[in-house]
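Please open the model in your viewer and keep the selection tool at hand. We will go from stop to stop, selecting as we go.

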Amino acid sequence: MPKNLFNVLFPVFCNGCANLLLKNEKVICTKCLHKLPFTHHHQIKETEIHKTFFGLVPFEFGASFLYFTKKGISQNLIHNLKYKNRQEIGTYLGNLYANELKDLEIFKEIDFIIPVPLHKKRFHERGYNQVTTFCKAIEKNLIIPMLDDVLIKTQHLKSVTDKSKEGRLAHNKNVFLIENQHKIEGKHLLLVDDVFTTGATIEACAKEILKIKNTKISILTMAYSQS
Ligand SMILES: [Zn+2]
């Protein structure tokens with residue numbers, strides 16, 4: 001089928017503004033592409049991530065690609081990626097970002113990409129982890145392998161009888177676990193998530209990883225929420 005006939009029969013809409021895409025446009029329209037709210041974190045020494053994690057989580061490099069603006073393009077992109085199975089958005093953003101990151105020296109030192117995982121129940125409901133295609137694009141462009149069998153999101157194993165405050169706190173700290181730890185001993189790991197909001201998820205993941213001998217972490221997210 002000729003491509004323009006395909007577009008007429010199956011119109012493709014911009015994931016940023018919902019207007020019809022032209023036949024040479026993919027994922028988002030040219031207008032949205034030019035309006036993407038870049039953070040330029042990778043060119044800044046002290047980013048918002050540094051401010052959030054100062055004295056809390058040691059990391060080598062931390063950057064978000066876009067600002068997450070309410071009712072803006074980036075919110076639509078993340079929403080469509082997360083809830084509408086538009087996994088090509090992750091690939092698109094990953095390719096764009098990799099092009100910015102490829103010349104940074106720090107990326108030559110990173111051994112593996114670790115996606116922030118979903119709990120397996122959530123994974124089965126959604127059918128995919130929304131950060132996977134983004135990670136794969138980074139993996140392919142920067143030639144850093146992804147490991148998705150190391151960081152696991154688990155339900156707590158707290159006994160029903162343990163209702164003490166300490167027990168609940170301990171549980172909250174055990175949302176993520178490390179498996180196959182031999183794979184990451186002595187390695188520099190790039191932790192990747194969709195949106196950096198309070199930093200609590202990244203912090204919980206980073207703390208588990210950093211328990212493994214001689215590990216270092218860097219942080220990359222698709223978007224950073226200022227609220
Ligand atoms: Zn658009």
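What follows is a short walk through a metal site, a sheet and some helices.

This is a predicted model, in which local features need pLDDT of at least 70, side-chain atom pairs count only at pLDDT 80 or more, and totals for chains, interfaces and linings use all residues. Residues are numbered from 1 along each chain as its sequence is written, and side-chain values use heavy atoms, with hydrogens and water left out.

**Stop 1: the zinc ion**

Select the zinc ion together with Cys-14, Cys-17, Cys-29 and Cys-32: their SG atoms coordinate the metal at 2.3 Å. Donors here are N, O and S atoms within 2.8 Å of the metal (3.2 Å for Na, K and Ca); water is not among the atoms, so sites may look incomplete. The four donor atoms subtend angles of 105 to 114°, which makes the arrangement tetrahedral (for four donors, all angles must lie between 85 and 135 degrees). Along the sequence, the donor residues follow the spacing C-x2-C-x11-C-x2-C. Cys-17 and Cys-29, twelve residues apart, both sit in the loop between α1 (3–9) and α2 (30–35). Helices (H or I, at least four residues) and strands (E, at least two) are DSSP runs, numbered from the N terminus.

Now colour by accessibility. Cys-17 is partly exposed, with a relative accessible area of 32%, while Cys-29 is buried at 8%. Buried means under 20% relative accessible area, exposed over 50%, and partly exposed in between (1.4 Å probe, protein chains only).

**Stop 2: Asn-15**

Stay in the loop between α1 and α2 and pick Asn-15. Is Asn-15 buried or exposed? Its relative accessibility is 3%, so Asn-15 counts as buried. Leaving aside neighbours within four places in sequence, Asn-15 is in contact with residues including Val-27, Ile-28, Asn-76, Arg-86 and Glu-88; contact means heavy atoms within 4.5 Å.

**Stop 3: the sheet**

Next, show the strands. Four of them form an open sheet in the order β1-β6-β5-β2, with parallel pairing; two strands pair if DSSP finds at least two bridges between them. At the edges are β1 (62–68) and β2, each pairing on one side only. From one strand to the next, the twist averages 20°. Helix α4 packs on the sheet, touching β1, β5 and β6 (216–225), and its direction makes about 105° with that of β1. Helix α9 (residues 200–209) also packs on the sheet, touching β5 and β6, at about 165° to the direction of β5. Axes are lines fitted to C-alpha atoms, for helices over the stretch in contact, and angles run from 0 to 180 degrees between N-to-C directions.

Zoom in on β2 (residues 112–115), where both faces are covered: Phe-112 and Ile-114 on one side, and Ile-113 and Pro-115 on the other, are all buried. β2 pairs with β5 (residues 188–196) in the parallel sense over four bridges, and Pro-115 stands opposite Val-192 in β5.

**Stop 4: Lys-82**

Go to helix α4 (residues 73–83) and select Lys-82, which is partly exposed at 21% relative accessible area. Which residues does Lys-82 contact, leaving aside its neighbours within four places in sequence? They are Arg-126, Tyr-128, Gln-130 and Asp-194.

**Stop 5: a helix pair**

Finally, select α5 (residues 88–101) and α7 (residues 132–142), which pack at an angle of about 35° with their axes 7 Å apart. Among the contacting residues are Gly-90, Leu-93 and Tyr-97 of α5, and Phe-134, Ala-137 and Ile-138 of α7.

Definitions and conventions. Four donors count as tetrahedral if all angles lie between 85 and 135 degrees; four count as square planar and six as octahedral if opposite donors are over 155 degrees apart and all others between 65 and 115; anything else is irregular.
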